[in-house]
Amino acid sequence: MFIIKDLSASLKYLNFIRYKSYVDLKLRFNRTLIGSFWPFISISIFVLGWGFAASSLFSVDPSDFLPYFCTGYITWLFLSSNVSESCNIFISQTHILLTRKIPFSVFIFIQIVKNFFIFLHYLLFFLIIFLYFNLDFNYNFFLLIPGFFIFFFLLYFFIFFWGTLCTRF
């Protein structure tokens, strides 16, 4: 019951979530030469390097291996970054939590939105792979929409549980 009240109370802070996510992203790539395209460059080098090496190692056609490897890897990066940052989610925001009465869900949404924008850079690389290998677009792609909602729903509750547990202990 507490989570539902906290979730509904966090809807008043949508501008704060948007602003704090933007500031966190800006600070993350502040002094880099290429800015926020570092995730795009790093994932493209890794997926292409490991994808071609693994496809030749396993004797698989790269056009069959690379799109699936890219999809799985970018999904894993999004999930693992959220899980690893969830350990510190409330500890890193103690200066705000101790001075203001802000729902805990706000900080969870800030983390998810920030990592989602990095995930969009990864999706840009997947789109290039998708177009290069001329993959078929069919009705199964529309299953991604409910899949993302279920994924974000479960991710929210996992981050809430894990962040609370790590803060306590």
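The paragraphs below lead through this structure from its overall build to single residues.

The model is predicted, so local features are given only where pLDDT is at least 70 and side-chain atom pairs only at pLDDT 80 or more, while totals for chains, interfaces and linings use all residues. Residues are numbered from 1 along each chain as its sequence is written, and side-chain values use heavy atoms, with hydrogens and water left out.

The chain has seven helices and zero strands, where a helix is a DSSP run of H or I with at least four residues, a strand is a run of E with at least two, and both are numbered from the N terminus. Read from that end, the order of elements is α-α-α-α-α-α-α. Along the principal axes, the C-alpha atoms fill a box of roughly 55 × 40 × 30 Å. If contact is taken as heavy atoms within 4.5 Å, then among the contacts with a separation of 6 or more, 78% are between residues 24 or more positions apart.

How much of the chain is buried? Of its 169 residues, 33% are buried, a word that stands for under 20% relative accessible area, with exposed meaning over 50% and partly exposed in between (1.4 Å probe, protein chains only). The chain exposes about 11,200 Å², of which carbon and sulfur atoms supply 72%; accessible areas come from the Shrake-Rupley method with a 1.4 Å probe, and for residues only the protein chains shown count as cover.

Part of that surface is a nonpolar patch formed by L33, I34, F37, W38, L124, L127, I128 and L131, with about 800 Å² of accessible area together. Helix 6 gives the largest share of the patch, four residues, whereas I34 lies in the loop between helix 2 (14-28) and helix 3 and is partly exposed at 36% relative accessibility.

Helix 6 also holds K114, which is buried with a relative accessible area of 14%. Leaving aside neighbours within four places in sequence, K114 is in contact with S21, D24, L25 and E85.

The aromatic rings come next. Rings of Phe, Tyr and Trp (its six-membered ring) pair if their centres lie within 6.5 Å, with planes under 30 degrees apart counting as stacked, over 60 as edge-to-face and the rest as tilted. The count by this rule is 27 aromatic pairs. One of them, F119 with F148, is edge-to-face, at 6.0 Å centre to centre and 75° between the planes. Because F119 lies in helix 6 and F148 in helix 7, this pair ties together parts that are 29 residues apart in sequence. F119 is buried at 4% relative accessible area, while F148 is partly exposed at 29%. F137 and F141, in turn, form a stacked pair, 5.1 Å centre to centre with 15° between the planes; F137 is exposed at 55% relative accessibility and F141 partly exposed at 25%. Ring pairs also link F78, F116, F117, F119, F148, F151 and F152 into a cluster.

S59 is found between helix 3 (38-57) and helix 4 (62-86) and is exposed at 67% relative accessible area. N134 lies between helix 6 (104-132) and helix 7 (144-168) and is exposed at 65%.

Technical notes:
Patches are made of residues with over 30% relative accessible area and no salt bridge: like charges are joined within 9 Å, nonpolar side chains (Val, Leu, Ile, Met, Phe, Trp, Tyr) within 5 Å. A salt bridge is a side-chain nitrogen of Lys or Arg within 4 Å of a carboxyl oxygen of Asp or Glu.
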